[in-house]
Each structure stands twice: as structure tokens, then as C-alpha cells.
Amino acid sequence: MSESTQSQFGVWLGRLLAAILLGGQVVIHLLQGKIHRRNTVDQMAEVGPASLIIALITAAFVGAVFTIQVAREFIEFGAGNAVGGVLALALTRELAPVLTSVILAGRVGSAFAAEIGTMRVTEQIDALYMLKTDPVDYLVIPRVIACCLMLPALTLLSLVTGVAGGLLIVTNLYHLSQTVFLDSVRNFLSVWDICSAVIKAACFGALIAIIGCSWGLTTTGGAKGVGQSTTAAVVTALLAIFMSNFLLTALMFQGTDSAVIRGF
């Protein structure tokens, strides 16, 4: 490993540690009830409604593509009545929370890093300190709350849209009954599956917001530094989403209970 690569990796580790410390600060400030309500509402509008269309379009096509890949094989084996349930399980447990989080990491996480990074290099963060305003309360916590509330809502809407996309495919291309498809969805899904999607989405939202804000707050080097921070924040957020998804899945879905057996 070259000295340049080692130096970059060291800087990245330092910024990752700063993000972890920022996460601890956020928890402490939230427990103390330090919430800037107007900023929080503004960020919720930016994270939720502004991201809705792209999230739903993505979910519809993902549901349609997944159904095309699965329906033919299941019908060949005489298990066409399980297509809806398998699609719903895949969307609820993995595809909806993860893909929606990836979209928000690219759209919202990058915006957080760029906006706060610009404030850092133009000394607006220092001005907040001069005005005795804590940047964590004013900038970070509203973004964390917005992501933790809006991402689960977007995930549930994406789930419904993905199932609708799959339904459109099976009824038009494979001529399966709409009733059979929806009954399969109802039989396979459990309340815990829905809860797991909401929990995952909330955790991913916190990671996106904290990483984006932390990379922005640790930006140096002018306009070039802002661009580098934005790119690094998105890449780090994606890594954090995939790694935490593995840990959450391992914790949530241990045991021998099978949704497929339950559905049949």
C-alpha cells in the first residue's frame, strides 16, 4: 500500500471516528430534548415528499423485474400461487428498505455533506458558534430526525408500489389471478416482517444523516474539499447501510420459522 493510500485511509478512519462521536452527541442531545422544530419540519419536507417520486418509480420497476424473474420458474414448478408472497417477502425484508436507503444516500446524504461542507469552508459554522448556537442542535439533529421518520414512510410506500408492480406483471404477462396473488401476499407476510422493514429503514436513515452531516462538518480545503467530502459521504453511507443490513438481518431472522411453510 502506497503512502498516499495509507494517508487517505488514515484520514477516512479519522472522519469515521468523528461520525461515531457525532452519533453519540446526537443521542445525548435528543435525550435532553434539544430539537429545533422549524428546521426539523423543513428537513422532513426535503427528505420525504421531495424523494417520493424517484423512490416509487424505483420500487415499481424492482417489483416488476423481480416478478418476471420469479414467476416463470414458480409457474413451471406448479407454485404460481406463491409468487405474490415471495415478492412481498423479498420487498419487505430486503429490497424496499435497502433500495430506498440507497436512493436517499445518493440524493439526501450527498446534499447534507455538500450543504454543511460549504458552510464549514465559508466559516458559517464558526459564525453559529459566535452566536452561541450549537451546530449539532441546529443542523444535525433536524436532519437525523427527518431521515429516521421519513425513510420508514418511504419504505412502506415503496413496498406497496413494488407489490403493485408485481401484480401488474403477473396479471398481464402470466395471466395469474389477482385474488391468488394478493392472498399469497397476505398469507406469507407477518406483522414482524413489516416491523423489521420499519426498523431497518429507521437505522439506515440515522446512518445516512449522521455520516452526511459528519463528513460535512469535517470538510476542509475549499470547493475541492466539499466535492471530496460529498463523494466520500455517499460511499461511506452505502457501506454502512450494507454492513448494518447484514447485522440487522442476522439479528431479526434467526430461528427456524419459515414464511414459505406458513404461507402454504
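Helices here are DSSP runs of at least four residues, numbered from the N terminus. The model is a predicted one.

Helix H3 (49-76) and helix H4 (83-121) each give at least two residues to the lining of the largest cavity. The count comes to 1 cavity of 30 Å³ or more. The largest cavity has a volume of about 60 Å³. Its lining includes Ala55, Thr58, Ala59 and Val62. Leu91, Leu95, Ala96, Leu99, Thr100 and Ile103 also line the largest cavity, as does Ser158. H4 supplies the largest share of this lining, with 6 residues. By class, the lining of the largest cavity has 8 nonpolar residues, 3 polar ones and no charged ones.

The largest pocket holds about 320 Å³ of space. It is lined by 15 residues, and those closest to its centre are Leu16, Ile20, Leu207, Ile211 and Ala240. H1, helix H8 (191-217) and helix H9 (222-252) each give two or more residues to the lining of the largest pocket. H9 gives the largest share, 6 residues. The lining of the largest pocket divides into 12 nonpolar and 3 polar residues, with no charged residue.

The second largest pocket has a volume of about 220 Å³. Among the residues that line the second largest pocket are Gln8, Val11, Trp12 and Arg15. Trp215, Thr218, Thr219 and Thr220 belong to this lining too. So do Gly225, Gln228, Ser229 and Ala232. H1 and H9 are the elements that give two or more residues to the lining of the second largest pocket.

The table sets out the volumes and lining classes.

| Space | Volume | Lining by class |
|---|---|---|
| Largest pocket | about 320 Å³ | 12 nonpolar, 3 polar, no charged residues |
| Largest cavity | about 60 Å³ | 8 nonpolar, 3 polar, no charged residues |

**The surface of H1**

Leu17, Ile20 and Leu21 form a nonpolar patch on the surface. Together they have about 320 Å² of accessible area. Ile20 is also one of the residues closest to the centre of the largest pocket. Leu21 lies in helix H1 (residues 3-31). Why does Leu21 count as exposed? Its relative accessibility is 54%, and exposed means over 50%.

How values were computed. Residues numbered from 1 in each chain as written. Predicted model: local features only at pLDDT ≥ 70, side-chain atom pairs only at ≥ 80, totals over all residues. Heavy atoms only, no water. Patch = residues over 30% accessible without salt bridge, like charges linked within 9 Å, V, L, I, M, F, W, Y side chains within 5 Å. Areas by Shrake-Rupley, 256 points an atom, 1.4 Å probe, with all protein chains shown as cover. Salt bridge = Lys/Arg side-chain N within 4 Å of Asp/Glu carboxyl O. Buried < 20%, exposed > 50% of the residue type's maximum accessible area, 1.4 Å probe, protein only. 1 Å grid on protein atoms, 1.4 Å probe; cavity = no way out; pocket = protein on both sides within 12 Å on 5 of 7 lines; lining within 4 Å. Points joined across faces, edges and corners; volume = space filled by probe spheres on them. Nonpolar A, V, L, I, M, F, W, Y, C, P; charged D, E, K, R; others polar.
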